[in-house]
Amino acid sequence: MSGWETVNEPLKSQPGSSSRRTVSRTVTLGRVQPQAPALRTIFCNDREANFAHRYKGNSISTTKYNIFTFLPKGLYEQFRRVANLYFLMVSILSATPYSPVHPVTNMVPLSLVLLFSLIKEAFEDWQRFQNDNAINNTLVDVLQAQGWKTLQWRKLQVGDIIRVKQDGFFPADILLLASTNADGVCYIETANLDGETNLKIRKALEKTWDYLTPEKACEFKGEVQCEQPNNSLYTFTGNLVINNQTLPLSPNQILLRVFSECLSSIVSNVVKGCSLKNTDFIVGAVIFTGHETKVMMNSMNVPSKRSTLERRLDKLILALFSTLFSMCLLGAMGSGIFIDRKYFYLGLRQNVEDQFNPSKRFLVIILTMLTLLTLYSTIIPISLYVSIETIKFIQSSQFINKDLNMYHAETNTPASARTSNLNEELGQVEYIFSDKTGTLTRNLMEFFKCSIGGEIYGTGMTEIEKGVTERKGIKVQEVQTSNDSVREKGFNFYDGRLLRGAWRNEPNHDACKEFFRCLAICHTVLPEGDESPAKIKYQAASPDEAALVLAAKNFGFFFYRRTPSMIYVRESHVERMGKTQDTSYEILNVLEFNSTRKRQSVVCRYPDGRLVLYCKGADTVIYERLGSGNDALNKATRDHLEQFGSAGLRTLCLAYRDLAPDLYESWNEKFIKAKSSLRDREKKLDEVAELIEKELILIGATAIEDKLQEGVPSCIQTLSRAGIKFWVLTGDKMETAINIAYACNLLNNEMKQFIISSETDAIREVEERGDQTEIAHFIKEDVRKQLKQSLDEASQYFCARSGPKLGLVIDGKCLTYALDSSLRIMLLTLGLNCASVVCCRVSPLQKAQVTSLVKKGAHKITLSIGDGANDVSMIQAAHIGIGISGLEGMQAVMASDFAIAQFRFLEDLLLVHGRWSYIRLCKVVMYFFYKNLAFTLTQFWFTFNTGFSGQRFYDDWFQSLYNVIFTALPVIIVGLFDKDISPPLSKKYPELYKEGIRNKFFKWRVVAVWAFFSIYQSLVFFYFISAFSSTSRDRSGKMFGLWDVSTMAFTCVVVTINLRLLMMCNSITRWHCISVGGSILVWFMFIFLYSGITTPLDRNENMYWVIYILMSTPSFYVTLLLVPVAALLVDFLYLCVQRWFFPYDYQIIQEMHKDDIHCTGPSGVVGSKQQLIADEERSNEISQLPREVSKHSGFAFDSPGYESFFASQSGKYVPPNAWDVARRASMRHKATPK
Amino acid sequence: MADMNRERHRTRETAFYLFTQQSLPACKPVLTPGWVITIFLFMGLIFIPVGLITLRASHSVVEIVDRYDTECVPEAFRIDKISYIQDDSIPKNCSRFMKVHKYMKAPIYIYYQLDNYYQNHRRYVKSRSDKQLLHGQKYHDTSSCQPVELNNGQPIVPCGLIAWSLFNDSFTFIRERAELKVNRKNIAWKSDRDHKFGKNVHPFNFQNGTLIGGGKLNPKVPLSDQEDLIVWMRTSALPSFRKLYGRIKEDLDADDVIVVNLMNNYNTYSFGGKKKLVLSTSSWLGGKNDFLGHACVIIGSSSLILAIVFTLLHLKYRRPYGDTSYLPWSRKSLSG
């Protein structure tokens, strides 16, 4: 408890602190709705009355454009890109007489690029439109004229009474009025909402139970006063006024519409998920419609992240712009100097336009600038962005999503790239921030040990303990578990003293009894299925809870039935062994679990009238609320808790309190009042709960094992060999966290470890004095001291290569202070030099803060991986967010950029896909840079030979099609298929990944090398062709003119540039050959056609018949052989020398495995055709899988609610997940006080 | 049939599978020393012969170049050449002697070469109207011909700076008192004559202005037959260029002396351009151009040298390929 409070305190005290502001900005999710002061009043079943309010209809639209806005809006979006805008400006400039080129030169590439982008946009929007349509046209029964009438969803209006049948979806947010089930209860499945598959109960208010038939429902004239539409999924405040009686409403009565994106997949029959279950039908009143439903308000516009490579690309483009500018300036100066009347043939004596007027040289320079700007526009690679987008889209949708190595067969979950922006970022990750529970561990909870009345039960040994003992050098003796021990999923416990009723013989059997009862009663689990111990299934909010109830069952306290007010437990008889007796406990109140409370209580009445409050919760919270006395027990249990913690177990304390009836009654009144309050209901409820959850008596503690996920240690080891550093951010205790870190290979004894903890005696002493400012000051000083000391000690290892690796462990409380602006630098310096960092007891906010500390402070690429709602903040704060689409809800996945099923798939995602993607995109970018520069420079050299007049060298069409046709496709092929080494090798040599971290392939040095080759090649092109042109003639001695020479030059450029691509490929598939050959062929086909026809349009140049004359001369062929070779020879030499003397790491690996390439390579596949076919079928299955990500879910017991986290960020208090247990209706309390 | 379809379907699926799993069949060229040496050797073996053949072709061309712009100005006018060339009253004829140093086989091409003449200047290149050249006065929109578009309110055919600055030096060749026959037909591109210059378009109002740029045209001859104009209007790529003047159909023997009587009309003096007369035979490769041959030989021989260098390197300091000691992480582990 204190952990959470103190974490938030300093932030509250300095609301303007910059760190907080930045963090909250990066993690803001969806629109935070300002609380409108006005309440919404809805008249049920009365369309006229509601008409005045003009509520929105129920049709939804998720499209970005409509028919009319498509062009303007779509174009606007496109022109927000600098390159496109630049080309637009240049195109406009081309229409002026200053332009040497026809407008077509710049218009064609621009319009092709725009067309391509717009078609893509239109296609995507069309799909959204189809989905919306399908949803809007789903049918539902609406009450009209005393009968049910089937209408489309979109025709639904606020206040309508509707009927939803079994397995139907809720078309809007509706208020449950009546159900065919007894007690007005209905069951719903919310898998589409939060991924939880368990059924939940919604219960109608008693007053409305009767309005089930159309005849009755017509009579219903209620008035709902409720909050304005907002995005908080788990809260609802409102009142229902019927017959002048005001009844409070809770989320319990509200049925939410499902996400439209889930719906669309449902509509297309991909997901067989339903909403209403085990209920024939329900009747409800529509409260929020269409875009005002909570889910739609919640549909988040996750701000799209841009990859670092793209941001660096911007710099490159900027550099190109400045090159362009200086080229233009140089040329313009030249023209100013050159222009002279002495060139009489230029007709400069009279009627000279400004651009060539020798007496206005300054104007000449300015106008020639414009001329050259349009001429050299090809230096900006206009199709670069489109190409990159296309490549990335295919990479993510075809390669990442369909990779069989990242397909989890058990849960039928493929990897899923939710954005295609960040593929190459995956190849440069240096810091991974990982959640523990559910990410490193399975989140599969098993009851493992317990401590009852100061005695430890349970004989098992966790893997962590085994690891610890092994490290100490002791051989682990495999404990023989007897064959008859009870083993069940969720229950991995053996101790003869407790099982099969043996507990009765224990000295503390009364404590045992309390312990088991607490387990059986204090929970919010729903039983499902047959009421026999073997067949029953428990639906729980978290796997911990289910494990506890399961444990109670195995101890002989079988919870088998729950009604809204009762819990039925089949207890093994207290005295007589083997006999059972069914006992029913009346549940009077449930004080729910949430992240601030970190505990859960139930007030129940025994059949004999005994009133007991059972409480279970985190140790810190429970210990704060224990009554006096029993110190021996408390101390013993505390020791046990520590022992459990160091074994990596999750612990909970159980406690109870006997209540006197009058004390309870007076408290219950307050509770009911709090419950029916309209404002701050949850806060008031918490306050009331505090009043009764005190003076508790400790019973014992439970220990639950959370097993490590498959392959986690080896994956972590591989990734750390790849130079990736791990930060584990967990809410767990320090001991647990350290042990998990040990188990995962994150920490080991060879490492130099620094532990910064707030659990020191000095701090505890100060804390006991209770002065908040003093505590804060003291801890801060202490943290500063510890940090400084660690840093001093660590700094001696920084430079030493062979020194031990460093590890840092810090707890949440210290972190709060260490993140302070004065200490931040120290923390960062220390943390960055550590191979692994473990932060325990951290809040979601701190997770985000730590992530952005490294992201912004160190400018390193960060990746966050997590599975729960509490990881959402850090997933969004990091460069790349990865969600585990496994056991918890969908929120992490919804906020993530990539979703994978298992932690170990990270290896494939980073080392294979990320690395490739990075290398490929670097190549693509560099190639674009090179090909545009080389091409444009030939123009530039020509300018020097034209008296700086800005005469174009190439025909308009050559120039306009150069980027979009003649050199467009091969580079995309390289971006897709280039493959330096095979996936098994990149996992075998994870060190190769470091090349990405160091950004070896996109440095200014690399750019300079490419620029050098561009310059060299352009010089070769221009001067070789000039030399060729000086004497070359056709058979009859006729000389070649400008356009003949330029065609020759362009042919050489196209051939060379395309061949250069082949030289940079690591693997050449037939698609490479087809595209490169095709591009060259297309050029020849184009020029054959183009120079073969005369168009009626005056092209004002003599392209006619040029290529035929050229190709009839042998010198054409000699030149065509010579120029590309001369241009590429130096490149080739560079490649040879580079590989010979300064090889990249991957090149060594290539050489090492040059010979076995065929075994791992695809050609070996032929031999295992059978295998191939099986794999294929799997991949086909994957490709047909729905995009539904999660199957099972539940919140980890100690994971704070996601809603409340975000609300608290925006300074509001919103209660967390309302777990919907059927509670005693508050009305009933009033009616029957006893 | 169904089997075939299924087979085709299966093939497509396999291809798609290989695509998504990124295991398309590919060859993976690795630049091993063997490959490097082989490729350089190969290049050397290709380019040296090609270069030698090219050079041979170039050397087989006999070329006589005579710069006449300075020499043809009488001594008295050498200080102010511009006034000489602009003064119509001074006779411009001039005689040059060209000595044939090697046997020249017919046809011998006569070129005039201009240096420092920016025929590729933007203002110059665009100052023409292809439509007018083809359609004559029927085509009115000749704004592109600025500034030589109209004269005395009448359209000029052919309009524009290029036509206006038509080269007008003329040459006659005499060998041993007998005039050599010069064929001035078929010196322009056939595609130009047939498709770009109108058969019924006659020069009109040409060179009638106050400023005379260059040669005049016979108004009786249609543009499609004005080959000098057509040649001139195929603008050159670079400021130094040759244009075909005609062909001599007779062989010239070594030590023949040719007397060239020329009319030095064209003004290159104002901007310091050079005028040259070129007599040249032709080879299969075209004119005399050692550049291509030299370039080929240089590339070929440097490839050979590189091949040798790499071979020596390979023999002497053998770099074991796939040597893990090159890997930084293994290096570190070795040292630590």
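This is a predicted model: local features need pLDDT of at least 70, side-chain atom pairs count only at pLDDT 80 or more; totals for chains, interfaces and linings use all residues.

1. A:Asp314 is partly exposed, with a relative accessible area of 28%; here buried means under 20% relative accessible area, exposed over 50%, and partly exposed in between (1.4 Å probe, protein chains only). A:Asp314 forms a salt bridge with A:Arg306, the closest N and O atoms being 3.0 Å apart, where a salt bridge is a side-chain nitrogen of Lys or Arg within 4 Å of a carboxyl oxygen of Asp or Glu. A:Arg306 also counts as partly exposed, at 36% relative accessibility.

2. Residues are numbered from 1 along each chain as its sequence is written, chains are lettered from A and ligands numbered from 1 in the order in which they are written, and side-chain values use heavy atoms, with hydrogens and water left out.

3. Over all chains, the structure holds 55 salt bridges. One pairs A:Glu514 with A:Arg610, with 3.1 Å between the closest N and O atoms. A:Glu514 lies in helix α15 of chain A and A:Arg610 in the loop between β25 (599-605) and β26 (611-617), so the pair ties together parts that are 96 residues apart in sequence. Helices (H or I, at least four residues) and strands (E, at least two) are DSSP runs, numbered from the N terminus. A:Glu514 is buried at 11% relative accessible area, whereas A:Arg610 is partly exposed at 24%.

4. Among the buried residues are A:Phe515, A:Phe516 and A:Arg517.

5. A further salt bridge joins the side chains of A:Lys616 and A:Glu545 (3.4 Å, N to O). This pair links distant parts of the chain, with A:Lys616 in strand β26 and A:Glu545 in helix α16 (residues 543-554), 71 residues apart. A:Lys616 is buried, at 2% relative accessible area, and A:Glu545 is buried, at 2%.

6. How many residues of chain A are in contact with chain B? There are 117, and they meet 103 residues of chain B, contact meaning heavy atoms within 4.5 Å. The two chains bury about 9,700 Å² between them, 64% of it on carbon and sulfur atoms; buried area is the accessible area (1.4 Å probe) that two parts lose on being put together, summed over both. A:Tyr345, A:Arg1033 and A:Trp1140 supply 10% of the area that chain A buries against chain B, more than any other three residues. The rule finds two salt bridges across this interface, and the side chains of A:Glu353 and B:Arg123 meet in a salt bridge at 2.4 Å, N to O.
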